Amino acid sequence: MIERIVILDNIDPQTFYGVNNSNISLIRNLFPKLRMAARGNVIKVIGEDSETADFEKKVKEIEAYAAKYNKLTEDVIIDIVRGESPKQIDSEGVIIYGQTGKPIAPRNANQARMVKSFHENDLTFALGPAGTGKTYIAIALAVAALKNKTARKIILSRPAVEAGEKLGFLPGDMKDKIDPYLQPLYDALEDMLPALKLKEYLESNTIQIAPLAFMRGRTLNDAIIILDEAQNTTTHQMKMFLTRLGMNAKMIITGDVTQIDLPRSVRSGLLQALYVLKGVKGIGRIEYEKKDIVRHPLVQRIVEAYESRESTDPAPDSRPSAENQ
């Protein structure tokens, strides 16, 4: 009798063990000759050498399936333990499987072009109105690269610029102060990674989320680097960010040039970069349109209404006059 230790290093143990440990209980029943104890990401098993070796092999196959599809069912466990191939899931066009196994794939032609550009270029600009999914697709591509081990880390950044209102003094440490600006990035990550795995990645700096000001002086190698809300960068910030690109790294820059929150006297670094870098080899550019909006259908009509109003009355003033107050 020997003791063998199996470490789950590619998946959140909660996903592997199942609700109320239902999955690990099933695995125990499928290996009745072995004694096992599971705690955290470590499974200890005692039995004959050949049986424990087979157990480790099957557990790693189950883990690989769960890591790929972000879900695990009893049927899959039984098929793998019996040496049968689990029922294949159609993965054509899927970037990654999010929480509960939800497939994340391009939902329109421009999102598909963005995926293609990412694989063909080291720098991709994704431009367009709110709700087109450009940031969501960018983060999905980054998480997929991390899971496939084509990148060692993900760097997510955005400029700390308020959208038309002053937030004033924010309490807490540095993380507490910058988190409000970065919350949209957290939202996307939470949709794609189990909570414990995301926490592990953040604590180990495998995924780094930081304001743009923290990028100066860094060389980012073996990473997927995403700059969100790039229309709010200054020209100096954009040049600084672009020159952080290191070896075996890719950048995705997203922005909406119709939503610039900088002071009117400050030129957007995104607009300048698009002009300066036009035609440079190795740079892709995707331009989303209103028809690409994938949020609530009303969002597209809102965007169209604002554009229509601005084209006929660029500076409407609906404030009541003094004589009407």
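How many bridges pair S7 and S8, and in which sense? The two strands pair in the parallel sense, over five bridges.

1. **What you are looking at.** This is a predicted model, in which local features need pLDDT of at least 70 and side-chain atom pairs count only at pLDDT 80 or more, while totals for chains, interfaces and linings use all residues. Residues are numbered from 1 along each chain as its sequence is written, and side-chain values use heavy atoms, with hydrogens and water left out.

2. **The chain overall.** The chain has 11 helices and 11 strands; helices (H or I, at least four residues) and strands (E, at least two) are DSSP runs, numbered from the N terminus. Of its 325 residues, 43% count as buried, where buried means under 20% relative accessible area, exposed means over 50%, and partly exposed lies in between (1.4 Å probe, protein chains only). The accessible surface comes to about 18400 Å², and 51% of it belongs to carbon and sulfur atoms; such areas come from the Shrake-Rupley method with a 1.4 Å probe, and for residues only the protein chains shown count as cover. Among contacts (heavy atoms within 4.5 Å) between residues at least 6 apart in sequence, 70% join residues at least 24 apart.

3. **The six-stranded sheet.** Six strands, in the order S8-S7-S9-S10-S6-S11, form an open sheet with parallel pairing; two strands pair if DSSP finds at least two bridges between them. At the edges are strand S8 (207-211) and strand S11 (283-287), each of which pairs on one side only. From one strand to the next, the twist averages 15 degrees. Strand S7 (residues 153-158) and strand S9 (residues 223-227) pair in the parallel sense over five bridges, and Ile-155 has Ile-225 in S9 as its bridge partner.

4. **Helices on that sheet.** Helix H5 (residues 109-120) packs on the sheet, where it touches strand S6 (123-127), S9, strand S10 (250-255) and S11. The direction of H5 makes about 170 degrees with that of S11; axes are lines fitted to C-alpha atoms, for helices over the stretch in contact, and angles run from 0 to 180 degrees between N-to-C directions. Helix H9 (residues 235-242) also packs on the sheet, touching S6, S9 and S10, and its direction makes about 155 degrees with that of S10.

5. Is S8 enclosed or exposed? Five of the five residues of S8 are buried, so the strand is largely enclosed by the rest of the structure. Ile-207, Ile-209 and Pro-211 point one way, Gln-208 and Ala-210 point the other way, and all are buried. In a regular strand, side chains alternate between the two faces of the sheet. Ala-210 in S8 is also the bridge partner of Ser-157.

6. **H9 against H10.** The axes of H9 and helix H10 (residues 269-276) come within 7 Å and cross at roughly 60 degrees. That makes H9 oblique to H10, because angles under 35 degrees count as roughly parallel, over 145 as roughly antiparallel, 65 to 115 as roughly perpendicular and the rest as oblique. Thr-235, Met-238 and Leu-242 in H9 meet Gly-269, Leu-270, Gln-272 and Ala-273 in H10.

7. **Ser-268.** This residue lies in the loop between S10 and H10. At 3% relative accessibility, Ser-268 counts as buried. The C-alpha atoms of Ser-268 and Asn-232 are separated by 6.2 Å, although the two are 36 residues apart along the chain. Leaving aside neighbours within four places in sequence, the contacts of Ser-268 include Thr-235 and Leu-262.

8. **Two positive phi values.** Most residues other than glycine have a negative phi. Asn-205, in the loop between helix H8 (195-203) and S8, has a phi near 65 degrees. Glu-229, in the loop between S9 and H9, has a positive phi of about 55 degrees. Asn-205 is partly exposed at 46% relative accessibility, and Glu-229 is partly exposed at 27%.

9. **The three-stranded sheet.** Three strands form an open, antiparallel sheet in the order S1-S3-S2. Strand S1 (2-7) and strand S2 (35-39) stand at its edges, each with a single partner strand. Five bridges join S2 to strand S3 (residues 42-47), and Ala-38 has Ile-43 in S3 as its bridge partner. Helix H2 (residues 22-30) lies across S2 and S3 at about 165 degrees to S2, while helix H3 (residues 49-69) lies across S1, S2 and S3 at about 10 degrees to S1.
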